[in-house]
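Visitor: Please take one part of this model and go through it closely. Give the cut-offs as you go.

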2 protein chains.
Amino acid sequence: MTPQHFTPVALDKSYRLMNHGPTVLVSAQHGGTTNVMAAAWACVLDYGQTPKVTVVLDKPTRTRELVERSGYFALQLPTKAMATLTFGVGTDSAKDVPDKLAKYGVKTFTASGSDVPLVEGSVGWLACRLVPESHNQQTYDLFIGEVIGAWADERVFSDGRWHFDDAPDELRTIHHVAGGQFLVTGGTVQG
Amino acid sequence: MTPQHFTPVALDKSYRLMNHGPTVLVSAQHGGTTNVMAAAWACVLDYGQTPKVTVVLDKPTRTRELVERSGYFALQLPTKAMATLTFGVGTDSAKDVPDKLAKYGVKTFTASGSDVPLVEGSVGWLACRLVPESHNQQTYDLFIGEVIGAWADERVFSDGRWHFDDAPDELRTIHHVAGGQFLVTGGTVQG
């Protein structure tokens with residue numbers, strides 16, 4: 001069952017979910033194992049009808065294994081309310097803390113027609129198919145995904161735009177600096 | 001001559017200038033031609049003693065030509081006060097508007113020992129050497145740079161941390177959404 005605030009975003013607008021450079025949660029599953037980690041190094045790579053993203057996944061991580069084995073992953077945008085969860089799943093490895101998702105209260109769900117785990121409470125979700133690029137993955141830990149589904153919490157993102165100023169402060173996205181310190185997405189300026 | 005607020009940042013802390021995902025200005029020069037463009041799709045790729053970044057540079061851009069010919073570029077962080085400049089140099093091409101730097105009031109300088117142009121008024125600068133990866137450049141417009149010098153405006157970044165809350169609001173960094181609308185970097189939350 002999908003959560004209450006989970007509204008489809010057109011693929012050609014999905015880049016706008018990540019254009020402002022927030023820290024993301026990376027999720028994947030394979031063979032009945034689900035994991036979630038945090039990544040500050042995630043970025044839009046392309047837009048249009050075949051939007052793409054990049055994300056850096058370090059070699060020792062369980063999530064990376066699941067991405068490589070399944071060929072799928074999701075990037076999602078945690079909120080200010082999820083700062084502790086985000087730092088937690090980004091610091092603990094499932095290899096050392098097998099119950100890390102329970103420890104940080106991470107709940108996942110799936111969208112219709114997909115078995116990629118998505119994290120509850122996020123405000124944007126991008127389901128991705130891995131575009132295999134062995135050299136990038138081995139040399140730079142750099143993974144490329146084609147976005148095949150996108151959704152947002154319509155309280156903060158609708159008509160292809162964020163409108164954080166009209167919603168509860170706790171729903172703002174976050175940008176990791178270091179050591180669990182995040183900068184919160186602020187107001188708007190028109191250039 | 002370097003501007004007043006231009007303080008070296010240790011290479012192993014330089015990733016923190018971009019960890020929060022701001023929109024950047026990309027600058028390069030070759031054969032006496034300098035250009036500057038904006039890029040929302042720029043990201044940290046690695047940290048440590050040989051930090052790296054990625055940036056997406058579209059094929060028709062003059063700046064991309066200068067990067068490919070010179071093998072060097074800089075990423076720098078424009079401020080809220082520079083939103084119009086940033087949108088302007090990101091929209092106009094020097095191929096169509098030869099005086100676009102003058103049009104938007106862009107002034108550049110160089111750091112000692114380098115001829116990579118840096119943009120005045122920014123609050124963070126990363127001078128980079130291109131790491132040639134032809135497949136990425138041709139297929140994805142994706143460029144990798146090794147950071148060889150880093151500086152920040154010490155009013156907002158010192159001791160490896162941002163502290164926007166203690167400085168004038170106009171010095172905050174910005175994150176492009178679309179069409180010249182930027183989200184401004186906000187306050188802090190500890191996870």
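Guide: Q4(A) lies in the segment before β1 (7-8) of chain A. Strands here are DSSP runs of E, at least two residues; helices are runs of H or I, at least four; both are numbered from the N terminus. Q4(A) counts as exposed because it has 9 C-beta neighbours inside 10 Å. S70(A) is 66 residues from Q4(A) in sequence and 28 Å away in space, C-alpha to C-alpha.

The model is predicted: local features need pLDDT of at least 70, side-chain atom pairs count only at pLDDT 80 or more, and totals for chains, interfaces and linings use all residues. Residues are numbered from 1 along each chain as its sequence is written, while chains are lettered from A and ligands numbered from 1 in the order written.

Now the contact between the chains. It takes 38 residues from chain A and 38 residues from chain B. Contact means C-beta atoms, placed from the backbone, within 7 Å. On the chain A side, β14(A) gives the most, with 10 residues.

β14(A) pairs with β14 (residues 181-190) of chain B, antiparallel, over 7 bridges. Pairing requires at least two DSSP bridges. Q181(A) stands opposite Q190(B).

Methods
Two residues are in contact if their C-beta atoms, placed from the backbone, lie within 7 Å. A residue is buried if 20 or more other C-beta atoms lie within 10 Å of its own, exposed if 12 or fewer, and partly exposed in between; C-beta atoms are placed from the backbone.
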